[in-house]
Amino acid sequence: MTADISALDLEEAGAVLAAESARFASFGWMRGTSGNLSVVLSRDPLRLAVTASGHDKGELTPADVVLVDGQGAAVHGGKPSAEAELHARVAALTGAGAVVHVHTVASVAMGRREPGGIVFSDLEMLKGVGQPAHEVEVTLPVIANSQDMKVLGDRLEEARDPRMPAVVVAGHGLYVWGADPRQARHHTEVVEWLLELELTGR
């Protein structure tokens with residue numbers, strides 16, 4: 001392990017991520033082995049616990065987690081999720097303490113319908129991402145997908161709206177973040193609700 005992160009710290013983070021993953025998987029948002037979650041364990045240097053690659057997200061154990069550095073490279077554990085580098089980029093860019101990546105039908109469908117961004121207004125649920133319910137328009141950015149996480153991170157950095165703790169990756173899914181796993185979960189559920197409303201309302 002590292003000087004400031006113990007095996008117990010990583011195990012506890014793994015337990016939290018396993019519980020959060022099971023919740024999202026129960027909604028059908030992490031089918032197969034898709035999706036990944038992370039939580040920040042250290043800021044300087046940046047270290048994150050990220051769900052391991054290739055595991056059913058509804059069946060994770062506290063051991064199914066990898067410690068990665070600020071570039072998403074494994075520091076301890078097995079193989080991290082392919083998007084670990086983007087999780088680290090989001091954490092560094094936004095100051096988030098946790099990042100969620102889910103593959104929802106609504107995010108992919110709305111990304112196709114509104115490739116320039118999805119605009120929300122006059123909805124009480126906007127309060128769930130810290131915005132007023134009325135007299136404001138908030139855009140959920142949509143960015144083109146890439147298998148290169150640096151390219152994807154650059155696109156996210158350029159497109160992100162500080163008022164919206166989320167971005168849709170076209171043809172891929174949804175990235176959402178928060179101060180801690182609980183807030184990241186709440187943000188994910190709220191943004192997905194907004195996307196489902198837009199999808200069914202049209």
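**A buried histidine and a strand pair**

His-101 is buried, with a relative accessible area of 0%. The cut-off for a buried residue is under 20%, so His-101 qualifies. The model is predicted. Within it, His-101 lies in strand S5, which spans residues 98–102.

Two polar contacts involve the side chain of His-101. One is made with the side chain of His-103, at 3.0 Å. Another is made with the side chain of His-172, also at 3.0 Å. Beyond the neighbours within four places in sequence, His-101 is in contact with several residues. These include Met-30, Gly-35 and Asn-36. Glu-83 and His-87 are also in contact with His-101.

The wider setting comes from a record. In an unreviewed entry, UniProt places the feature "domain: Class II aldolase/adducin N-terminal" at residues 15–199. Over residues 15–199 the chain is 34% helix and 25% strand. The end C-alpha atoms of this stretch are 34 Å apart.

A strand pair was examined next. Strand S6 covers residues 118–121 and runs antiparallel to S7. Four bridges join S6 to S7. Val-119 stands opposite Thr-139 in S7. Strand S7 itself covers residues 137–140. Its covered face holds Val-138 and Leu-140. Its uncovered face holds Glu-137 and Thr-139. In a regular strand, side chains alternate between the two faces of the sheet.

Definitions and conventions
Residues numbered from 1 in each chain as written. Predicted model: local features only at pLDDT ≥ 70, side-chain atom pairs only at ≥ 80, totals over all residues. Heavy atoms only, no water. UniProt positions renumbered as here; feature names shortened; annotations may be inferred. Helix = DSSP H or I, 4+ residues; strand = E, 2+ residues; numbered from the N terminus. Buried < 20%, exposed > 50% of the residue type's maximum accessible area, 1.4 Å probe, protein only. Polar contact = N/O pair within 3.5 Å; in protein donor to acceptor, adjacent residues only side chain to side chain. Contact = heavy atoms within 4.5 Å. Pairing = 2+ DSSP bridges.
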